[in-house]
Amino acid sequence: MAVLHSACVAGIRCFTPTADTWNTCRLISSHKHSMEASNGIKEIQLAQKSSSASIGLGSSTSSSSGTYGKSKRVWVWTESKQVMTASVERGWNTFIFSSRSRELADEWSSIALIHPLFIQEGAIVDGENRSVATILEVSNPQELEQLQPDKGLGENVVVDLLDWQVIPAENIVAAFQGSEKTVFAISKTPLEAQVFFEALEQGLGGVVLKVEDIKAILDLKDYFDRQDEVSNILSLTKATVTSVQVAGMGDRPEFLTIFKVGSFARGLFLIHSECLESNYIASRPFRVNAGPVHAYVAVPGGKTCYLSELKSGKEVILVDQKGHQRTAIVGRVKIETRPLILVEAKLQRDSDNQTLYSILVQNAETVALVCPSKEIEVQKTAIPVTSLKVGDEILVRLQGGARHTGIEIQEFIVEK
């Protein structure tokens with residue numbers, strides 16, 4: 001996928017895609033002072049979240065109503081009115097109460113449109129004592145093994161996994177795949193909820209978030225928003241190369257996969273990772289020569305950060321040739337000094353538009369810009385910058401040029 005980034009120098013290296021995956025790229029855009037960058041190149045490697053990945057570098061861009069919120073369900077277990085209010089405002093209106101808290105449920109129902117459920121003798125029932133879900137405690141491997149969809153469970157199953165989380169969640173996902181039952185896991189933090197939602201990639205169908213802290217609601221909603229963000233197709237635009245010239249030495253970070261990169265925040269280029277076959281060096285699908293340390297890189301939430309701010313564990317956005325997005329985790333960042341090349345391009349759609357978009361990348365055969373896909377021809381994924389010439393078509397991501405702490409803002413700005 002792609003990370004939005006604005007940088008002086010960018011280099012790219014990418015995962016080797018398997019037959020059932022697609023190539024991804026990073027979005028990178030250089031800062032206006034990219035030609036005066038420091039003398040080291042930053043190498044960034046991502047922790048692999050799937051068989052292929054890519055990062056978009058460049059300047060920053062900026063629901064449970066979104067796609068992710070429709071596929072994953074959240075019930076809230078709390079006695080805090082503030083938590084209840086925050087949950088309802090974010091689209092989560094199903095609340096679990098103990099059987100002794102019906103007065104609290106009645107009070108909340110009088111001030112907000114909620115759906116109260118009650119724990120009662122190993123089951124969860126609604127206000128009319130109709131069974132809504134089975135609730136189980138899993139404390140050992142034997143109990144986990146007995147948790148099967150054909151064991152007479154209800155349509156919804158709520159499990160408390162106690163000490164272990166990841167392995168039991170994965171086993172439950174495997175056991176219940178293809179069934180029409182929804183399994184909820186009781187979570188005490190948003191991070192626990194994320195583990196359950198991402199187990200074996202498919203995840204459980206829902207969580208019961210048992211918290212008394214409003215921040216937990218805000219953090220989980222932010223997670224949902226980020227998942228919805230990457231499920232959207234990113235709009236990419238064709239541009240024509242107008243200039244290619246050697247630019248001297250510079251610092252570039254190296255990541256893995258494909259990037260969106262550009263010298264200006266207003267336009268980011270897609271740079272391919274080093275998963276492409278080369279006669280010069282073995283495929284290194286986990287790396288991307290990203291760009292200079294002052295370049296922007298796209299991170300979840302519609303924001304950007306500088307390449308210099310990236311480190312192990314940082315989450316970034318990836319994008320492929322068709323605009324499909326996903327997130328990935330940075331595994332390593334390495335800064336090196338390498339020779340650079342400056343690429344400039346302008347949009348095809350308007351010959352009178354003289355706006356230029358530029359990017360500095362490492363001058364090497366393993367660094368390539370992603371080009372548009374053409375259904376009537378044998379698909380070419382990318383063009384090495386060493387083979388790039390005036391008139392070649394490449395992909396760019398257009399966005400607002402004004403940024404403040406990685407957030408897109410509306411103000412006058414000149415980039416050149």
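**Questions on a predicted model**

Student: What does isoleucine 341 touch, leaving aside residues up to four places away in sequence?
Tutor: Its partners are Val244, Gln245, Val246, Ala247, Ile359, Leu360, Val361, Gln362, Asn363 and Val385. Contact here means heavy atoms within 4.5 Å. This is a predicted model, where local features need pLDDT of at least 70, side-chain atom pairs need pLDDT 80 or more, and totals for chains, interfaces and linings use all residues. Residues are numbered from 1 along each chain as its sequence is written, and side-chain values use heavy atoms, without hydrogens or water.

Student: Where does isoleucine 341 lie?
Tutor: In strand S19, residues 325-347. Strands are DSSP runs of E with at least two residues; helices are runs of H or I with at least four; both are numbered from the N terminus. The C-alpha atoms of isoleucine 341 and valine 361 are 5.5 Å apart, although 20 residues separate the two along the chain.

Student: Why is isoleucine 341 called buried?
Tutor: Its relative accessible area is 6%. Buried means under 20%, exposed over 50%, and partly exposed in between, with a 1.4 Å probe and protein chains only. So 6% puts isoleucine 341 in the buried class.

Student: How much of the chain counts as buried?
Tutor: 54% of its 416 residues. The chain has 7 helices and 25 strands.

Student: Which residues of helix H5 are buried?
Tutor: In H5, residues 166-176, they are Pro168, Ala169, Ile172, Val173 and Phe176.

Student: What puts them on the same side of H5?
Tutor: They cover an arc of only 140° around the axis, so they share a side of H5. The arc is taken from the directions that run from the helix axis to the C-beta atoms. An α-helix has 3.6 residues a turn, so residues three or four places apart point the same way.

Student: What covers the buried residues of H5?
Tutor: The cover includes helix H4 (141-146), strand S9 (156-160), strand S10 (182-187) and helix H6 (190-198). Just after H5, glycine 178 takes a positive phi of about 85°.

Student: What makes valine 166 partly exposed?
Tutor: Its relative accessibility is 41%. Valine 166 is in H5. Together with Trp164 and Ile167, Val166 forms a nonpolar surface patch of about 320 Å² of accessible area. Patch members have over 30% relative accessible area and no salt bridge; nonpolar side chains (Val, Leu, Ile, Met, Phe, Trp, Tyr) are joined within 5 Å, like charges within 9 Å. A salt bridge is a side-chain nitrogen of Lys or Arg within 4 Å of a carboxyl oxygen of Asp or Glu.

Student: Which residues of H6 are buried?
Tutor: Pro190, Glu192, Ala193, Phe196 and Phe197. They line one face of the helix, because they fall within an arc of 155° seen down the axis of H6.

Student: What is the phi of leucine 200, which follows H6?
Tutor: Phi is positive there, near 50°, although leucine 200 is not a glycine. Leucine 200 lies in the loop between H6 and strand S11 (206-210). With a relative accessible area of 42%, leucine 200 is partly exposed.

Student: How many aromatic pairs are there?
Tutor: The count is 8. Rings of Phe, Tyr and Trp (its six-membered ring) pair if their centres lie within 6.5 Å; planes under 30 degrees apart are stacked, over 60 edge-to-face, and the rest tilted.

Student: Why is the pair of phenylalanine 197 and phenylalanine 224 called edge-to-face?
Tutor: The centres are 5.5 Å apart and the planes stand at 85°, so the pair is edge-to-face. Phenylalanine 197 is in H6 and phenylalanine 224 in helix H7 (residues 214-231), so the pair ties together parts 27 residues apart in sequence. Both phenylalanines are buried.

Student: What makes tyrosine 223 and phenylalanine 224 an edge-to-face pair?
Tutor: Their centres are 6.1 Å apart and their planes at 80°, so this pair is edge-to-face. Tyrosine 223 and phenylalanine 224 are both buried. Ring pairs link Trp92, Phe197, Tyr223 and Phe224 into a cluster.

Student: What makes asparagine 129 partly exposed?
Tutor: Its relative accessible area is 47%. Asparagine 129 lies in the loop between strand S7 (123-125) and strand S8 (131-137). Its phi is positive, near 65°, in a residue other than glycine.

Methods
Areas by Shrake-Rupley, 256 points an atom, 1.4 Å probe, with all protein chains shown as cover.
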